[in-house]
Number of protein chains: 2
Amino acid sequence: MSSQILTTQSSTAVEVFIRLLRGHAATTRALSSELQEEHGLTINDYEALLRISRADEGTMRRVDLAKALVLTPSGVTRLLDGLERCGLVEKASCSSDARVSYAVLTPAGKKRLKEASRSHLASVRALFTERYTDEELETLGELLARLPDAGRADESECVPE
Amino acid sequence: MSSQILTTQSSTAVEVFIRLLRGHAATTRALSSELQEEHGLTINDYEALLRISRADEGTMRRVDLAKALVLTPSGVTRLLDGLERCGLVEKASCSSDARVSYAVLTPAGKKRLKEASRSHLASVRALFTERYTDEELETLGELLARLPDAGRADESECVPE
DNA sequence: GTGATATACTTGACTACGCAAGTAACTGTA
DNA sequence: TACAGTTACTTGCGTAGTCAAGTATATCAC
């Protein structure tokens, strides 16, 4: 009905953006309900545990975790509050800088992460490999990595021992 | 420190997923603060106005809007509550089905959408075209469209008259 | 028609954030 | 050594969304 201006050139940019939003919403929902039900973790809980487990010395400054998860510092405080309440993470202080408080996995945290990893990784792989060839996955990963802050995703595949 | 299992095959699936999450967070944040400040709309407000404006007869069932935006019905109720309170959207009833209530743009809603479109579309294009060639954008769009529910993004480029 | 089931939508209670402001500690400059 | 500025983190408050439950209407089987 209403007249529309369809600028063909670079109209794809907007499409791509929308698909990014919707794809994120749908995949997150698909994966997080499973993670939630089976292991009581949100996607960010899981990612936080994973990042901490992979960090040098197995500890991570809250600030660095915020960057890795693309959260604000307050978001991280609350995220870790929850994980601490569940006994999966503990605070540790830094000897050289009294401002920083490290997050460390407890044995329970390591255990939970390991359990959750099995099914979560399998689900992620299933979700993507049923839609893309290896080559396409490679391409998609490379392209998404150029988005602001998406580059630091690096090798998140590891399953902590 | 901890031993890690790096399954090279399809490890990219997980990487891609993470980049999707982080890329979404970062691009949304970048674009929505501008939209918020300059036009008082969130990304979803904007998308809702756009979808309604593009629908046949300029009206849309709430259920269909939910699907298009990948929100739950209650999410749509609240989203539209806000837009109604701002006078950008109105309810209309359906003569053939008393359960459905349509969302229609008010003149103010059309005006706001049109104003917001200018800068928003420009920002989206800038954000993406500074990172990708036309060809890459095409590829990225095609790949993202395969994700669950991301396919219905279609030609969102239109600026309502 | 009448009851079972499905659909469209709303509401209350909750969660996961963000933002702004605050505290404490560190750093660099004079 | 004192003070300005920065950094790490927390807290109060607000918001956007979910889920579960509820209401009203429609549809289908018989």
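Two strands pair if DSSP finds at least two bridges between them. Helices (H or I, at least four residues) and strands (E, at least two) are DSSP runs, numbered from the N terminus. This is a predicted model, in which local features need pLDDT of at least 70 and side-chain atom pairs count only at pLDDT 80 or more, while totals for chains, interfaces and linings use all residues. Residues are numbered from 1 along each chain as its sequence is written, and chains are lettered from A and ligands numbered from 1 in the order in which they are written.

**Sheet of chain A**

In chain A, 3 strands make an open, antiparallel sheet with the order S2-S4-S3. Strand S2 (59-61) and strand S3 (89-93) of chain A are the edge strands, and each pairs on one side only. On average, neighbouring strands of this sheet are turned by 35 degrees against each other, direction ignored; axes are lines fitted to C-alpha atoms, for helices over the stretch in contact, and angles run from 0 to 180 degrees between N-to-C directions. A:Val89 stands opposite A:Leu105 in S4(A).

**Sheet of chain B**

In chain B, 3 strands form an open sheet, ordered S2-S4-S3 with antiparallel pairing. Strand S2 (59-61) and strand S3 (89-93) of chain B stand at the edges with a single partner strand each, so one side of each has no neighbour in the sheet. B:Lys91 has B:Ala103 in S4(B) as its bridge partner.

| Strand pair | Residues of S4 | Bridges and sense |
|---|---|---|
| S3(A) and S4(A) | 101-105 | 5 bridges, antiparallel |
| S3(B) and S4(B) | 101-105 | 5 bridges, antiparallel |

**Helices across the sheets**

Helix H2 (residues 43-54) of chain A lies across S2, S3 and S4 of chain A, at about 100 degrees to S4(A). Contact between two residues is defined by C-beta atoms, placed from the backbone, within 7 Å.

**Surface near DNA strand D**

DNA strand D is surrounded by 21 residues, and the closest are A:Val63, A:Ser74, A:Thr77, B:Gly75 and B:Ala98. A residue is near a strand if its C-beta atom, placed from the backbone, lies within 6 Å of it. The elements giving two or more residues to this surface are helix H3 (62-69) and helix H4 (73-85) of chain A, together with helix H4 (73-85) of chain B. H4(B) gives the most, with 5 residues.
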